[in-house]
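Please read them with the structure open beside you.

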Amino acid sequence: MTRVAAIDCGTNSIRLLIADVDGGNGPTKLTDIVREMRVVRLGQGVDATGELAPEALERTFAAAADYAELIREYRAEKVRFVATSATRDARNRQVFVDGIRGLLGVEPEVISGDEEAALSFAGASSVLPMADGDRVLVVDLGGGSTEFVLGGAGGVIAAKSVDIGCVRLTERHLKSDPPTAAEIAAAEADVDVAMAQAGLDVPLESSTAVVGVAGSVTTITAHALKLPEYLPAAIHGAELSIRTVAEASGDLLAMTRAQRARLPYMHPGRVDVIGAGALVWRRILTKMGELTGGEVITATASEHDILDGIALSVR
């Protein structure tokens, strides 16, 4: 049994998992000790400026300092820090790397989109039963990028990371409150282009099931289920029809920011970007239904994702 700390620093949030890893007989298992999430919006303005904003770095470093305290308190033996889309895109990412190294004593790994995809699949598939012949598409809908990972019982078959996400499309297109029809059409066109790119590397049409991970997907699921608060146990494993997800997504997209803020399961840091997240998830699932000739008619939400994959990868 080894106690590890995994940190996932994305475009919108930074998350910590401290867990005990049991690598004994059978599949490796994680036992959660601490899960934390802070919305720091590291990717603020990166799509337009190409740089990490000073105030975004300050928010991220403050959260990392708190995580360092928790890692010491719970005596994690090994730490892995992974940074994804926003950091990959930034010219000044060395400022970020130096700051994190100073706070945590580990080198933050700015991973490729392909490695991000593989870690997401490892995390999602670690808690999902998978039979021979299943071809499960895991979609990790992030703030700056979305990963499409097709895999089966033997692991990853193909993966592709594309530059669509809830923060990126909000900043690029959805400027009105609520978004206009023209803004929505422009954002959907970006999703279509990105899915066509993903389809060059990943045979999306061969998928037998779709699993969605990350905050946009789980929040949309909470909305579809009409939960009284954010309840991970109710969200994890929830399988909903594409039609149900599309209706919930359209509802969120049509709301004003003030209306979203009043929803009992809405994290304050997602209020302004969940409309774009809903648009992306709705468009992806609609397209997947078409591409598979109606074979895929539902989507399953998973609370386990790249963060779990990072913890499982710590050696």
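1. Which strands does helix 4 lie across, and at about what angle does it run to strand 4? In this predicted model, helix 4, made up of residues 93-104, lies across strand 1, strand 4 and strand 5, and its direction is at about 160° to that of strand 4. Helix 13, which covers residues 306-313, also packs on the sheet, where it touches strand 1, strand 2 (13-22), strand 3 and strand 4, and its direction makes about 140° with that of strand 1.

2. The sheet itself is open and is formed by 5 strands in the order 3-2-1-4-5, with mixed pairing. Its edges are strand 3 (29-39) and strand 5 (109-110), each of which pairs on one side only. Within this sheet, strand 1 (residues 2-9) and strand 4 (residues 78-83) pair in the parallel sense, and 6 bridges are found between them.

3. Because Phe81 lies in strand 4 and Phe96 in helix 4, the pair ties together parts that are 15 residues apart in sequence. Phe81 counts as buried, at 0% relative accessibility, and Phe96 is likewise buried, with a relative accessible area of 0%.

4. Strand 11 (residues 298-302) deserves a separate look, since 4 of its 5 residues are buried and the strand is therefore mostly covered. Strand 9 (residues 209-213) pairs with strand 11 in the parallel sense over 3 bridges, whereas strand 10 (residues 239-241) is joined to strand 11 by 3 bridges in the antiparallel sense.

5. Where is the largest pocket lined, and by which elements? This pocket has a volume of about 750 Å³, and of the 40 residues that line it, the closest to its centre are Arg15, Met37, Gly215, Arg270 and Asp305. The elements that contribute two or more residues to the lining are strand 2, strand 3, strand 6 (136-141), helix 8 (215-225), helix 9 (232-235) and helix 13.

6. Some backbone features call for a careful look, given that most residues other than glycine have a negative phi and most peptide bonds are trans. Arg75, although it is not a glycine, has a positive phi of about 55°; Arg75 lies in the loop between helix 2 and strand 4 and is exposed, with a relative accessible area of 71%. Ala214 also has a positive phi, near 95°, but Ala214 is placed in the loop between strand 9 and helix 8 and is buried, with a relative accessible area of 15%.

7. The loop between helix 6 (166-172) and helix 7 (181-201) holds His173, and Pro178 lies in the loop between these helices as well. The peptide bond that joins Asp177 and Pro178 is cis, with omega about 0°. Is His173 buried or exposed? At 17% relative accessibility, His173 counts as buried, because the cut-off for that class is under 20%. Leaving aside residues up to four places away in sequence, His173 touches Glu183, Ala186, Ala187 and Asp190.

8. A last point concerns Pro54, which is found in helix 2 (residues 54-73). Pro54 is exposed, with a relative accessible area of 63%. Pro54 and Val162 are 108 residues apart in sequence, and their C-alpha atoms are 26 Å apart in space.

Note on methods: Residues numbered from 1 in each chain as written. Predicted model: local features only at pLDDT ≥ 70, side-chain atom pairs only at ≥ 80, totals over all residues. Heavy atoms only, no water. Buried < 20%, exposed > 50% of the residue type's maximum accessible area, 1.4 Å probe, protein only. Pairing = 2+ DSSP bridges. Contact = heavy atoms within 4.5 Å. Axes fitted to C-alpha atoms, helices over the stretch in contact; angles between N-to-C directions. 1 Å grid on protein atoms, 1.4 Å probe; cavity = no way out; pocket = protein on both sides within 12 Å on 5 of 7 lines; lining within 4 Å. Points joined across faces, edges and corners; volume = space filled by probe spheres on them.
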